[in-house]
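Me: Let us go through this one label by label. For each term, I want the value and the rule behind it.

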There are 2 protein chains.
Amino acid sequence: MASRLQILDLSNTAKVYYAPATATAPGTRVIHVSGQGGVAKSGHAPADYESQIHLALLNLRRVIVAAGATVRDIAKFTVYVVDYDPKRPLHRRPIQRFLRGHRPAMTLVPVPVLAVAGWLFEVDAVLACPTPTPTPSVPRALPAPVQSVDVVIIGAGLAGLAAARDIARAGLSFVVLEARDRVGGKTWSQPFSSGRGVLELGAAWINDVNQPRMTALVREFGLDLIEQNTTGNVAAQDLDGSVSPFLYGDLPKFDGATRADVARIRDQTEADCQAVDACRPVDTRLDSMTFEAYLRSHNASEKAVWTATVWTRAMLGVEPRDVSALYFLNYCKSGGGLLQMRSDRKGGGQHLRIRQGTQAVSKKLAARLPQGTLRLDTAVRQVAQEDPSSVAVVARDGSVYRGHKVITTVPSPVLKTIEFTPALHPVKRAWAESAGFGEFYSKALMVFKSPFWIAKGFCGLAQSFTGPAAVVRDTCSPADNSYALTCFMSGSPALEWSRLPSAEREAQLLHQIGALFDSADTVKEEFVEMVLYEWTTDEWAGYGCPCAHLTPGVLDALGPDALRIPVGNLYFAGTETAGEWKGYMEGAVRSGERAAKESECVSGRTGRSRFARGQGTVRRKFSYSGRHLTSKNKLRISAEIQYRESLNTEPMRTCMAPEW
Amino acid sequence: MASRLQILDLSNTAKVYYAPATATAPGTRVIHVSGQGGVAKSGHAPADYESQIHLALLNLRRVIVAAGATVRDIAKFTVYVVDYDPKRPLHRRPIQRFLRGHRPAMTLVPVPVLAVAGWLFEVDAVLACPTPTPTPSVPRALPAPVQSVDVVIIGAGLAGLAAARDIARAGLSFVVLEARDRVGGKTWSQPFSSGRGVLELGAAWINDVNQPRMTALVREFGLDLIEQNTTGNVAAQDLDGSVSPFLYGDLPKFDGATRADVARIRDQTEADCQAVDACRPVDTRLDSMTFEAYLRSHNASEKAVWTATVWTRAMLGVEPRDVSALYFLNYCKSGGGLLQMRSDRKGGGQHLRIRQGTQAVSKKLAARLPQGTLRLDTAVRQVAQEDPSSVAVVARDGSVYRGHKVITTVPSPVLKTIEFTPALHPVKRAWAESAGFGEFYSKALMVFKSPFWIAKGFCGLAQSFTGPAAVVRDTCSPADNSYALTCFMSGSPALEWSRLPSAEREAQLLHQIGALFDSADTVKEEFVEMVLYEWTTDEWAGYGCPCAHLTPGVLDALGPDALRIPVGNLYFAGTETAGEWKGYMEGAVRSGERAAKESECVSGRTGRSRFARGQGTVRRKFSYSGRHLTSKNKLRISAEIQYRESLNTEPMRTCMAPEW
């Protein structure tokens, strides 16, 4: 859609994140937004300023979405701040992230108090957007479809391929549309330059204890596993750059009080995370605050905050101040808890690697699909509901695929890039607009001639408060005589690092590895090459990795199921939608299986496996094992009501599978 | 252009300088302006509130000009004030002056701090203006020209006539278009009612030491000079109305400490003014503050501030709080310094008068022009660039004059009244919009039967802190037995006085003259008549006199040369553009000579004196004395670069004469 706003700049003005002025075209629909306070849907206001900023921006976003507008339609943006300190402009970072490069006119107004006691931050806005054109009752005709199937699946990552497998098994027809020229999505395995062993540019780890789907697939496909090395020391780099080793499983060698505090905060986080429901995290207080505010509310010491920063950076590429506490706790919970998800040992998130590469799973899954059901290089442009039982999926090349149902497996930020007709449910849109990736997230794979760190007593794991790498892990394939350290480049220091020339990046990283494990000379001598893929430039990943996160208030305002819940004939999968092992391959497979079940709409157990074709409604009760209203189902019905209430919209018609 | 804004008033509301509401017409382009702080281009924030108000308004103006809008397009105006004291609404005066009678909707928001440390005042605005129509590549056809010449000169004051004389000498053809029914511009000499001697309604003084142009013209035309009387006492009227005499050249008889302080401030001002470059005043700090803030930054006593108020009132009709310190210092410097410019003695600004009247110089210059080259009653409506070598100047009566070049000599505020096609360079527009005159400036010529003040030991000079006259000077023509005191009615007290009925004005002024020099009875007895011309009602002068001034920030933001620098085929003269004796006749003549040189584009010394006619570009190097890149020229080139950068525009194509 053509931009309605013109940004007016003075050429001699340093370009900041807002514009000196914006001009709206005549004939523009102007929307005035009331002051939005930094409060949760219930009115609860967190005690800290940054959490309130996130909530106020979310509340503004909800109005923007309800108005059928986008952030790019903001002409004027006015923020009101209590106890404003010009030396600590905390508003800048969240607002810049909120605006995503759009530059409205802006005024900041410090105030002594705001309308409601406890409010610290408020924002109002003027939007300029085109007059909405009513959706035509008869959708415009699309070209004849290339393929008409029961289910169109968008994305050939693990979620899409797992869904395809199950749909095929159910005897339904389908097609998988993949934007990339390869399958695997965020699994992407490249051979070492030696030709032996693989470097994982994307997802790398599974375990064989609590990841039954991935374990089964690996076994089914006869793939070999490599156990993560946890023998020996971990290197810990402190804020001053100094490095001290500590035994894997222990805490870093801070002074006694600090160690106790780090342990206390870790245990508090673990306990709170265990108290959160994996599938439906509901806690207004925890969702109203950033994870940093959560840490500080527990009087975390600076070292404990830094330790937690390593967690969020390595796990989501995000700073603690940018993510909802509830979202982070729920993310950990989906992997069994903070400790389990972070563990490299048996049952932990990083226990096993696949010698042939994680992408091999997708390749094998794809190879088993019936011929003609997988279309690579087929990015989706539009998803158009034609009648209650038919959805047209239009590719960027104009080809059309028609299905009774559509499963999308794209990351939520990518939903914004698809034109839905009629428009995607506002709650989904609000989620897709709110979900974001960390500033930077990339794995730098440093290939060496030998695992020199082992001789020095290290297992290869390191954590750093300074960066550029937040976490380093051994990713050798000893059977292939291939040796590498995988450096997790994420969060703010990695963003700075990413802006350096390639040689400088390599030098900085080698310097850090030298500091962590050995002398700079040894490291240089051992170094073979650096292999790097920047997911933050990957359009199909939604410009980020490994998993989108949410700022405070989104789960609470939109509902914990809002992304995953089906709408009409649309079903939503992807690791992000998983209840278990969110952000992991296991979660992707689970989400695909769940969406396949939902889209089949009738479980295998009821024996119905075909849609009623024709003009009839597809609204029907999901039925399994004779139970219609279990307590779980009740929860889901209340979820839908809450969901409907969260924006003033038509109810979503849906049938839902229970095994999330 | 039709007004796009409707002012909505309530009939029961007293009309203040803003409106209860404004309405924008349908189809309007709405512009939202970001909060503009009271800072210089560099970000420097002056310490005082009033200077920041001026700077914030200038920053708003720059955005308005960049948007192609004007102050009259402001629909809503919001000001944010730190430490606001409702009993001292300091914002009102500069805002009223900024708005020039336009009444937007307005809200004042007191705030504890602003976005940036040190900011005291911020303003944002909503503008409503018509959609800019793209300039047609082929301008609409104009009627056949009345005259086609090399150079069209706008204005037959001293600047225009001096330019015409030089252009004629260079062998080029020209026409001078004058809006008035007379030549002379702001020189306008009227005979005493006795028929002997003249009363100068406008410019009156020259000197024969450092004003060689005027001296030469006076000699060339055989005019007689009258030396200013400085023998005897000056009358000083204090704030309480009390009068005490002091010898011309001394300081008023304040107490010792006050005298020392007044001398200190005078000497400081003189020193700072001598440090300023006359042609290119550059000093961010001095330009960021009002002259009053400058005085207070030197801890000036109240009497010293009042003394300086007499200076600015008498010299520019302006209060110290309304003018940039740098502008005032530069204005003084152009006349050799504060002391010289204010002096009535040899070499001073007010040393000699012309017995036949200053207008005689213009009349003589005009009389020597070739027939048909001067058109009175020909106000210019439009200046349209037709092709690179042709500019059409359209008069209000529709007649068209075509030239290769155009020299305009109108005061900068008058530039706003001419339609330029394509639009005048935004930096020029910003300057023209920013330049203003004092609230009131007029000379009340009080004619008496005899110079009664001489008998009382006075030279006729007086200064007053109370007014209504700020300064009084003897303007007798003894050889004609004609006696008058010229009262400089300027600044705020004079504005109040100007609103009185004529008889009351006369009475007040006679009362003041009585207090200054003699008894009220004597003065009444001696009084013949009051002759007055209000330049503030004179359209062609730009509603003010003697010279436009600038508020803080304009020189710094737009560049010190911004008014004078040529653009394309347009050249800018007028006393305001002079480097020496700005605001004086000498400056007018110098500016005309300079513009003539520039428009000839090739100095006499290079021997080239004709334009290449036809379609070729007129961009060519100015060449003089074989030097192409002297340090002066370099300065000018950097000035142009700064100038270009100061608003987002095409570079200005220009050739410039060096002798500014």
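Me: In which sense do β17(B) and strand β20 of chain B pair, and over how many bridges?

Reply: The model is a predicted one; local features need pLDDT of at least 70, side-chain atom pairs count only at pLDDT 80 or more, and totals for chains, interfaces and linings use all residues. Residues are numbered from 1 along each chain as its sequence is written, while chains are lettered from A and ligands numbered from 1 in the order in which they are written. β17(B) and β20(B) (residues 419-421) pair in the parallel sense, over three bridges. Pairing takes at least two DSSP bridges between two strands, so three bridges qualify. Q382(B) stands opposite E419(B) in β20(B). Strands are DSSP runs of E, at least two residues, and helices are runs of H or I, at least four; both are numbered from the N terminus.

Me: What makes β17(B) and β18(B) a pair?

Reply: Six bridges, in the antiparallel sense, link β17(B) (residues 380-387) and β18(B) (residues 390-395). A384(B) faces A392(B) in β18(B). The join is a hairpin, through two residues.

Me: What pairs with β2(A) in chain B, and over how many bridges?

Reply: β3(B) (residues 29-37) does, in the antiparallel sense, over four bridges.

Me: How many residues of chain A are in contact with chain B?

Reply: 30 residues of chain A are in contact with 29 residues of chain B. Contact means that the C-beta atoms, placed from the backbone, lie within 7 Å. β2 (21-24), β4 (74-82) and β5 (105-111) of chain A each supply at least two residues of this side. β5(A) gives the largest share, seven residues.

Me: How do you know what classes of residue make up the side of chain A that touches chain B?

Reply: The tally is 21 nonpolar, six polar and three charged residues. Nonpolar covers Ala, Val, Leu, Ile, Met, Phe, Trp, Tyr, Cys and Pro; charged covers Asp, Glu, Lys and Arg; the others, Gly among them, are polar.

Me: Why is chain A said to be related to chain B by a three-fold axis?

Reply: Chain A can be laid on chain B with an RMSD of 0.2 Å by a turn of 126 degrees and a shift of 0.2 Å along the axis. That is the relation of a three-fold axis. The copies use different surfaces, since 17% of the contact residues of chain A recur in chain B.

Me: Why is L485(A) called buried?

Reply: L485(A) has 27 C-beta neighbours inside 10 Å, so it counts as buried. The rule needs 20 or more other C-beta atoms within 10 Å for buried, 12 or fewer for exposed, and a count in between for partly exposed; C-beta atoms are placed from the backbone. L485(A) lies in β24(A). Among the residues that L485(A) touches are M446(A), G460(A), V472(A) and I513(A).

Me: Where does D83(B) lie, and how many other C-beta atoms are within 10 Å?

Reply: D83(B) is in the loop between β4 (74-82) and α2 (92-99) of chain B. The count is 10, so D83(B) is exposed. D83(B) also has a positive phi of about 50 degrees, without being a glycine.

Me: How do you know which form the peptide bond from T421(A) to P422(A) takes?

Reply: Omega is near -10 degrees, and the bond is cis. P422(A) is in the loop between β20 (419-421) and α13 (426-434) of chain A. In chain B, a cis peptide bond joins G467(B) and P468(B), with omega about 10 degrees. P468(B) falls in the loop between β22 (458-464) and β23 (469-474) of chain B.

Conventions:
Two residues are in contact if their C-beta atoms, placed from the backbone, lie within 7 Å. Copies are superposed by least squares on the C-alpha atoms of residues with pLDDT of at least 70 in both. Lists of a residue's contacts leave out its neighbours within four places in sequence.
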